[in-house]
Amino acid sequence: MSSSTSSHARIPILYVILSVLLVISTVPMYFYSTQVVAINRDRLKTNEMLLQNTVTRSLADDLSQHEHSLRVMLANLSSAIQVASGGDIGEQNIHAPELRALLENFVSSSDEIAYATLLNSEAKGISAGRIAPDAFLQRELERAFAAARDGRAYNGQALVVGEGKSAHTVFLVSAPVKYGPRFLGMIASVVDLQFLIRRLQEVSGGGLTPYVVDAQGRLVAAATSEFATGQDMKNLEIVRNFVDGGNKAQLAATKEFAINTGSEAVQMLGTYSPVTSLDWAVVVQKPQREAYRGILEMQRTARLLAILAVLVSIGVSIFAARRITNPLEVLTQSSRALARGDFSQRVHLWSRTEIGELAQTFNTMSEELERFVEDLKRAAEENRALFMGSIQMLAGAVDEKDPYTRGHSDRVTRYSLLIAKEMKLPAPFLETLQISAQLHDVGKIGIEDHILKKPGALTEEEFEVMKTHTTKGANILRPVTQLAGMLPGIELHHEALDGRGYPYGLTGDQIPLLARVIAVGDTFDALTTNRPYQQAHTPEQALQIIRNLAGKRLDPDCVTALLAVYARGEIRIQRFTIKRPVAPAPTPVEVPAATQAAGAAATVPAALSPDTAVLERTRV
């Protein structure tokens, strides 16, 4: 702050902020009302779910009670039949007047029992009731009799008997009649489900649709004629959840789901409660717009009030906001420039509030940051140069172990980068490739000199030792976390697409792209470099060999990129010769992953077959 600015009385920005806060005091009220609405919305939603749960549980309990009462009545009737028949309801006794009277009394004892029959062990018997079994009900009776023979009670599926106004939804309930362990026959009763339909109608209304389904998802009964008895209801998610639950569906569950009505999907809220004794479920569903009507109305009202409060607050606060927005805009623009890395930006602002003091502090900070960032950039460049220099020195140390590989790592790095750039690979990949290619042979530090510098071909045992340089190199660098991304190129650059490479025999896409790029560059340098046991190939010969190995040993895309780079003249081969005795090469030795071609004569033209034989003895 200059002395002239300091001499004036500073207006505290606190006064300005307080005046604005007084105007926009409705904002806390808005958030408070929003929270209250959210709490009430959750409560209303929970209440609707509890209501559905209560309705379905009540209906399920009614059904269970009816089924239990009917079972008790069947058990009492069975005991009475055993007493009246003396434990014999064979062909001679089945038509006894006492048994018929018992059966007729059983049917007349409840309006819900539409039909009853007593069958002996020969499936012959008597019946009573106000309906006559049709073919479907007769089939249910046969299933019930088979279950009774096995000593099991039976609950049938819901059926419709009769037509028109006389149609009734019924289901069969049966129990075996035994005298001690001896099977005497079966009692079956057909229960009219009109009582269930009345109960469903009582709870329907207000958008609530109740119905009952069986374990297979078929409709048992509904409050309206919208659904038909036996209709498959599994297209509804709430029913499907019950069916999928099977025997595990022991507790009520509430779900939100959608029903497709053709033109639109209606969002629904539904609840089911299992009737375990019957393997049924009572289901109620309601459109969410009806279920959450109170919630939606409350939200609309709260939203309108909130919008009104916000509009009033905005209108009143605009005037006060303008008093501070202009200087803040200047600071904002300067801050954006700072965020973009332009540390030369300075704020030219005169204000008697704290904003003026903030502007000067901002200018001081910018100056300090500008110096600090420049120092950081300079240090980063120095560190990177030191790092790359260390990498190159390490690679050079490896190459210097054998005069015939001097400069090999630099050349492979240059070829690999040219290939990768031709393939338009991203900059981060190029950075990783540069380091990985430079260090791809670092593992040769761990190879004994008598093998590494051997003037002739290696023996089988020596070749196996030489092949360990890939894993040795990876293991040397693995403790360096920052080099983790470079390890695939170091460890896998001798792998081949056909699986005949090393150290793991990977195939195709199992080999990372990093290793495939280095493999092509490595192979090209191996073929174009003089060795004590071979003369360097011309670039054209080397490229022909590499072209024939594309897709078999080398990645075809990388090979194509190498050919394109060479065709443009971006690769120049400079040969040098070191003379020393040449030893015979009795057995094959290490070959670059991409150049270990088995049966190379089949893949290389006849004119190049001798060169291919030399290639198979190449050590990189």
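Helix 6 is followed by Gly205, which has a positive phi, near 120°. The model is predicted.

Q: Which residues of helix 6 are buried?
A: Helix 6 spans residues 194–203, and Phe195, Leu196, Ile197 and Leu200 are buried there.

Q: What joins Glu202 and Arg199?
A: Side chains of opposite charge can pair when their charged atoms come close. Here the side chains of Glu202 and Arg199 form a salt bridge, 3.1 Å from N to O. The two are 3 residues apart in helix 6, about one helical turn. Glu202 is exposed, at 57% relative accessible area, while Arg199 is partly exposed, at 22%.

Q: Where does the partner of Arg199 in its salt bridge with Asp62 lie in the chain?
A: Arg199 and Asp62 meet in a salt bridge of 2.8 Å, N to O. This pair links distant parts of the chain, since Asp62 belongs to helix 3 and Arg199 to helix 6, 137 residues apart. Salt bridges with shared partners join Asp62, Arg199 and Glu202 into one network.

Q: In what order do the strands of the open sheet stand?
A: Strands of a sheet pair through backbone hydrogen bonds, either parallel or antiparallel. This open sheet has 5 strands in the order 8-7-11-10-9, with antiparallel pairing. Strand 8 (219–222) and strand 9 (253–260) are at the edges with a single partner strand each, so one side of each lacks a neighbour in the sheet.

Q: How many bridges join strand 9 to strand 10?
A: There are 8 bridges between strand 9 and strand 10 (residues 265–275), which run antiparallel. Ala253 stands opposite Tyr272 in strand 10.

Conventions:
Residues numbered from 1 in each chain as written. Predicted model: local features only at pLDDT ≥ 70, side-chain atom pairs only at ≥ 80, totals over all residues. Heavy atoms only, no water. Pairing = 2+ DSSP bridges. Helix = DSSP H or I, 4+ residues; strand = E, 2+ residues; numbered from the N terminus. Buried < 20%, exposed > 50% of the residue type's maximum accessible area, 1.4 Å probe, protein only. Salt bridge = Lys/Arg side-chain N within 4 Å of Asp/Glu carboxyl O.
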